[in-house]
Amino acid sequence: MDNFTQTEFEQEVKDAKVLEPGRQGPRVYLTPENKIVKVFRPKRRLTSNFLVPYALRFQRTSERLARLDLDAATVESLGRCREMKLHFVVYPLIPGSSIRALDTDPEKQSEAVARLPGYICRLHHQGVFFKGFHLGNIIWQPNSRFALIDFQSTKLRKKAISVEDREKFFRNILRYPQDYQLIKQSGIESFFGRYLQSSQLKTVQQLALLDRLAASYSYPELKTALDSLSNKLKSR
Ligand SMILES: Nc1ncnc2c1ncn2[C@@H]1O[C@H](COP(=O)(O)OP(=O)(O)O)[C@@H](O)[C@H]1O
Ligand SMILES: [Mg+2]
């Protein structure tokens with residue numbers, strides 16, 4: 001990890017465009033060379049960041065995702081600026097847009113959402129527990145493959161993730177109204193139906209997941225769709 005003085009860091013991002021502003025200063029920059037500079041500013045000293053900085057976790061996760069043959073931001077370098085109390089990672093811009101940002105191209109957006117259940121199955125099956133997953137943290141590339149960004153809090157397990165973690169994963173997406181709307185547009189029952197079909201979970205596990213999801217949400221359409229899936233599974 002390279003050390004930067006404040007002047008050196010400011011020089012590094014001088015001509016960059018701010019993609020995500022933040023209260024303590026920009027969080028994500030895009031440089032004229034199409035590199036992303038993602039900045040981590042720990043709020044308090046006594047967070048887990050103190051032991052393993054988020055920038056380092058981001059880099060490690062990035063390498064492990066590549067070994068799983070999952071497209072993701074690939075860290076080229078990382079640095080720290082003690083004066084500004086920040087760490088940062090630098091990685092190339094991934095071509096395409098996040099599923100959320102595809103609202104400018106509804107056809108592409110619904111194609112991406114339709115492909116999502118199969119992809120999420122793959123993540124879960126490969127043991128990727130992406131805690132902060134939402135539709136702004138996944139890029140739909142022009143080659144019709146997904147790529148992951150913003151994964152510093154992701155846990156990678158040796159085996160497929162548990163039903164409990166799968167429920168937490170979906171709970172996180174469903175708490176964003178804009179993401180829920182996209183899933184609703186694509187058909188909630190077909191979305192979860194396709195997920196379950198490719199999930200390799202036993203029927204009892206599928207039912208347990210549906211029960212957990214239905215219990216944590218009050219959206220009436222979601223409950224109806226999950227109940228309907230449950231009933232179909234039970235009557236098989
Ligand atoms: N490698 C990348 N390729 C394309 N867009 C990116 C890339 N990295 C970040 N972005 C854009 O920047 C936004 C914010 O980046 P992200 O890492 O998700 O930071 P934040 O912590 O602010 O959510 C993303 O939603 C995406 O639009
Ligand atoms: Mg993000």
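**Group meeting: a helix pair and a ligand site**

In this predicted model, I start with helix α5, residues 177-186, and helix α6, residues 188-198, whose axes come within 5 Å and cross at roughly 90°. Angles of 65 to 115 degrees count as roughly perpendicular, so α5 is roughly perpendicular to α6. Which residues make the contact? On the α5 side they are Ile183, Lys184 and Ser186, and on the α6 side Ile188, Ser190 and Phe191. By type, that contact has 3 nonpolar residues, 2 polar and 1 charged. As background, a packed pair of helices is described by the angle between the axes and the distance between them.

Next, ligand 1. There are 17 residues around ligand 1, and those that come nearest are Glu20, Ile36, Ile94, Ile149 and Asp150. The shell around ligand 1 holds 10 nonpolar residues, 3 polar and 4 charged. Two strands, β2 (17-20) and β4 (35-40), each supply at least two residues of that shell.

Last, the whole chain. The protein has 8 helices and 11 strands. Its C-alpha trace spans about 65 × 40 × 35 Å along the principal axes. For 236 residues, a compact globule would have a radius of gyration near 18 Å, and the protein has 19 Å, which agrees.

Key. Residues numbered from 1 in each chain as written. Chains lettered and ligands numbered in written order. Predicted model: local features only at pLDDT ≥ 70, side-chain atom pairs only at ≥ 80, totals over all residues. Near = placed C-beta within 6 Å. Helix = DSSP H or I, 4+ residues; strand = E, 2+ residues; numbered from the N terminus. Nonpolar A, V, L, I, M, F, W, Y, C, P; charged D, E, K, R; others polar. Axes fitted to C-alpha atoms, helices over the stretch in contact; angles between N-to-C directions. Parallel < 35°, antiparallel > 145°, perpendicular 65-115°, else oblique. Contact = placed C-beta atoms within 7 Å. Rg over C-alpha atoms; globule rule 2.2 N^0.38 Å.
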